Amino acid sequence: NLGIAVDLDFKGLMVPVIHEADGKRLRAIAREVADLARRARSKQLGPDDIAGGTFTITNPGPFGTTLTLPVINQPQVAIISTDAVKRRPVVVPLPDGSEGIAIHSTGNITLTWDHRAFDGAYAAAFINRVREILETRDWSAELA
(Lines give C-alpha, C1' and ligand atoms only; values in the text may rest on other atoms or scores of the structure.)
Protein backbone atom coordinates (compact mmCIF):
# COMPACT_ATOMS: atom_id res chain seq x y z
CA ASN A 1 0.00 0.00 0.00
CA LEU A 2 1.51 3.24 -1.20
CA GLY A 3 1.21 6.53 0.66
CA ILE A 4 1.22 9.73 -1.39
CA ALA A 5 2.32 12.90 0.42
CA VAL A 6 -0.08 15.72 -0.47
CA ASP A 7 0.67 19.37 0.31
CA LEU A 8 -2.43 21.04 1.70
CA ASP A 9 -1.57 24.45 0.27
CA PHE A 10 1.05 25.14 2.97
CA LYS A 11 -1.30 24.03 5.76
CA GLY A 12 0.51 20.75 6.41
CA LEU A 13 0.74 17.39 4.70
CA MET A 14 -1.73 14.54 4.39
CA VAL A 15 -0.69 11.05 3.29
CA PRO A 16 -3.60 9.23 1.65
CA VAL A 17 -2.96 5.63 0.62
CA ILE A 18 -3.30 3.83 -2.71
CA HIS A 19 -4.30 0.34 -1.63
CA GLU A 20 -2.85 -2.63 -3.56
CA ALA A 21 -0.74 -0.28 -5.70
CA ASP A 22 1.59 -3.14 -6.64
CA GLY A 23 -1.16 -4.66 -8.80
CA LYS A 24 -2.04 -1.45 -10.66
CA ARG A 25 -0.68 0.02 -13.87
CA LEU A 26 0.94 3.45 -13.81
CA ARG A 27 -2.04 5.07 -15.53
CA ALA A 28 -4.43 3.80 -12.80
CA ILE A 29 -2.06 4.94 -10.06
CA ALA A 30 -1.80 8.41 -11.64
CA ARG A 31 -5.60 8.72 -11.70
CA GLU A 32 -5.83 7.60 -8.07
CA VAL A 33 -3.09 10.05 -7.01
CA ALA A 34 -5.02 12.92 -8.64
CA ASP A 35 -8.26 11.84 -6.98
CA LEU A 36 -6.71 11.39 -3.52
CA ALA A 37 -4.88 14.73 -3.74
CA ARG A 38 -8.08 16.53 -4.76
CA ARG A 39 -10.05 14.92 -1.93
CA ALA A 40 -7.25 15.60 0.60
CA ARG A 41 -7.20 19.30 -0.30
CA SER A 42 -10.99 19.53 -0.08
CA LYS A 43 -11.09 17.61 3.24
CA GLN A 44 -13.11 14.73 1.79
CA LEU A 45 -10.94 11.79 2.86
CA GLY A 46 -12.24 9.10 5.17
CA PRO A 47 -10.27 7.03 7.70
CA ASP A 48 -9.75 4.18 5.20
CA ASP A 49 -8.17 6.63 2.74
CA ILE A 50 -5.26 7.34 5.11
CA ALA A 51 -4.81 3.93 6.75
CA GLY A 52 -2.64 0.96 5.86
CA GLY A 53 0.28 2.57 4.05
CA THR A 54 3.67 0.86 4.12
CA PHE A 55 5.74 3.10 1.82
CA THR A 56 5.33 6.79 0.91
CA ILE A 57 6.27 8.83 -2.17
CA THR A 58 6.83 12.56 -1.76
CA ASN A 59 7.67 15.07 -4.48
CA PRO A 60 9.11 18.39 -3.30
CA GLY A 61 10.66 18.84 -6.76
CA PRO A 62 8.14 21.44 -7.94
CA PHE A 63 9.53 23.72 -5.21
CA GLY A 64 12.96 23.55 -6.89
CA THR A 65 14.61 21.34 -4.27
CA THR A 66 18.00 19.78 -4.93
CA LEU A 67 18.27 17.19 -2.18
CA THR A 68 15.64 16.43 0.45
CA LEU A 69 15.76 13.88 3.26
CA PRO A 70 12.16 13.10 4.23
CA VAL A 71 11.11 11.57 7.54
CA ILE A 72 9.24 8.27 7.56
CA ASN A 73 5.50 8.51 8.21
CA GLN A 74 5.22 5.90 11.01
CA PRO A 75 4.21 3.08 11.02
CA GLN A 76 5.37 2.96 7.39
CA VAL A 77 8.84 1.56 6.68
CA ALA A 78 10.22 3.90 4.00
CA ILE A 79 9.73 7.12 2.03
CA ILE A 80 11.16 8.02 -1.37
CA SER A 81 11.58 11.64 -2.41
CA THR A 82 11.92 13.08 -5.90
CA ASP A 83 13.66 16.43 -6.19
CA ALA A 84 13.63 18.97 -9.02
CA VAL A 85 14.87 17.96 -12.44
CA LYS A 86 17.38 20.55 -13.64
CA ARG A 87 19.80 20.93 -16.53
CA ARG A 88 23.34 20.16 -15.29
CA PRO A 89 26.75 19.36 -16.74
CA VAL A 90 27.48 15.63 -16.54
CA VAL A 91 30.30 13.34 -17.67
CA VAL A 92 29.34 11.25 -20.71
CA PRO A 93 31.20 8.55 -22.64
CA LEU A 94 32.36 9.57 -26.12
CA PRO A 95 32.47 7.26 -29.18
CA ASP A 96 36.29 7.01 -28.99
CA GLY A 97 36.13 5.66 -25.42
CA SER A 98 37.11 8.91 -23.73
CA GLU A 99 34.81 11.13 -21.71
CA GLY A 100 33.33 14.57 -22.23
CA ILE A 101 30.96 17.00 -20.60
CA ALA A 102 27.36 17.37 -21.78
CA ILE A 103 24.27 19.08 -20.46
CA HIS A 104 21.52 16.68 -19.33
CA SER A 105 18.35 16.89 -17.30
CA THR A 106 19.08 15.25 -13.94
CA GLY A 107 17.43 14.99 -10.56
CA ASN A 108 18.00 13.34 -7.21
CA ILE A 109 15.93 10.58 -5.66
CA THR A 110 16.43 9.89 -1.97
CA LEU A 111 15.19 7.06 0.20
CA THR A 112 14.73 7.04 3.96
CA TRP A 113 14.02 3.65 5.51
CA ASP A 114 13.56 1.97 8.85
CA HIS A 115 16.54 -0.32 9.49
CA ARG A 116 14.33 -2.45 11.72
CA ALA A 117 12.26 -3.39 8.66
CA PHE A 118 15.07 -4.14 6.19
CA ASP A 119 18.81 -3.81 5.73
CA GLY A 120 20.54 -0.89 4.01
CA ALA A 121 21.90 -3.15 1.27
CA TYR A 122 18.33 -3.91 0.17
CA ALA A 123 17.48 -0.21 0.27
CA ALA A 124 20.50 0.64 -1.90
CA ALA A 125 19.66 -2.13 -4.38
CA PHE A 126 16.06 -0.89 -4.53
CA ILE A 127 16.99 2.73 -5.23
CA ASN A 128 19.45 1.57 -7.90
CA ARG A 129 16.69 -0.47 -9.56
CA VAL A 130 14.36 2.56 -9.46
CA ARG A 131 17.08 4.60 -11.19
CA GLU A 132 17.56 1.91 -13.86
CA ILE A 133 13.84 1.75 -14.56
CA LEU A 134 13.48 5.54 -14.76
CA GLU A 135 16.43 5.82 -17.14
CA THR A 136 15.53 2.95 -19.49
CA ARG A 137 11.74 2.49 -19.62
CA ASP A 138 9.69 3.82 -22.53
CA TRP A 139 7.26 5.85 -20.44
CA SER A 140 5.21 7.00 -23.42
CA ALA A 141 4.22 3.37 -24.06
CA GLU A 142 3.43 2.84 -20.35
CA LEU A 143 1.00 5.76 -20.27
CA ALA A 144 -0.73 4.91 -23.55
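## Close-up views of a predicted model

**View 1. The buried residues of helix α2.** G120, A123 and V130 are the buried residues of α2. Viewed down the axis of α2, these buried residues fall within an arc of 80 degrees, so they line one face of the helix. They pack against β6 and β9. The face turned away from the buried side carries exposed residues: A121, Y122, E135 and T136.

**View 2. V130 in α2.** V130 lies in helix α2. Its relative accessibility is 19%, and the cut-off for buried is under 20%, so V130 counts as buried. Beyond its neighbours within four places in sequence, V130 is in contact with I80 and I109. D9 is 121 residues away along the chain from V130. The C-alpha atoms of V130 and D9 are separated by 29 Å.

View 3. Five strands form an open sheet in the order β4-β1-β5-β6-β9. The pairing is mixed. At the edges stand β4 (17-18) and β9 (109-113). Each has a single partner strand, so one side of each is left without a neighbour in the sheet. Helix α2 packs on the sheet and touches β5, β6 and β9. The direction of α2 makes about 155 degrees with that of β9.

**View 4. The pairing of β1 with β5.** β1 and β5 (residues 55-58) run parallel. They are joined by 3 bridges. L2 stands opposite F55 in β5. Both L2 and F55 are listed among the residues with the most contacts inside the largest nonpolar core.

**View 5. The largest nonpolar core.** This core has 16 residues. Those with the most contacts inside it are L2, V6, I18, F55 and L111. At least two core residues come from each of β1 (2-4), α1 (26-41), β6 (78-82) and α2 (120-136). The largest share, 4 residues, is supplied by α1. In soluble globular proteins, nonpolar side chains tend to be buried together.

**View 6. The surroundings of L111.** What does L111 touch, not counting residues up to four places away in sequence? The list is F55, A78, I79, I80, A123, F126 and I127. Of these, A123 is one of the buried residues of α2. I80 is also in contact with V130.

View 7. Strands β7 (residues 86-93) and β8 (residues 99-106) run antiparallel. They are joined by 8 bridges. P89 has I103 in β8 as its bridge partner. The hairpin has 5 residues between the strands. G97 takes a positive phi near 95 degrees.

**View 8. A84 in the loop between β6 and β7.** A84 lies in this loop. Is A84 buried or exposed? At 8% relative accessibility, A84 counts as buried. Leaving out residues up to four places away in sequence, A84 touches G61, G64, T65, T106 and G107. S105 is 21 residues from A84 in sequence. C-alpha to C-alpha, A84 and S105 are 9.8 Å apart in space.

Notes: Residues are numbered from 1 along each chain as its sequence is written. This is a predicted model: local features need pLDDT of at least 70, side-chain atom pairs count only at pLDDT 80 or more; totals for chains, interfaces and linings use all residues. Side-chain values use heavy atoms; hydrogens and water are left out. A nonpolar core is a set of buried Ala, Val, Leu, Ile, Met, Phe, Trp, Tyr and Cys residues joined through side-chain atoms within 4.5 Å. Buried means under 20% relative accessible area, exposed over 50%, partly exposed in between (1.4 Å probe, protein chains only). Contact means heavy atoms within 4.5 Å. Two strands pair if DSSP finds at least two bridges between them. Axes are lines fitted to C-alpha atoms, for helices over the stretch in contact, and angles run from 0 to 180 degrees between N-to-C directions. The arc is that of the directions from the helix axis to the C-beta atoms.
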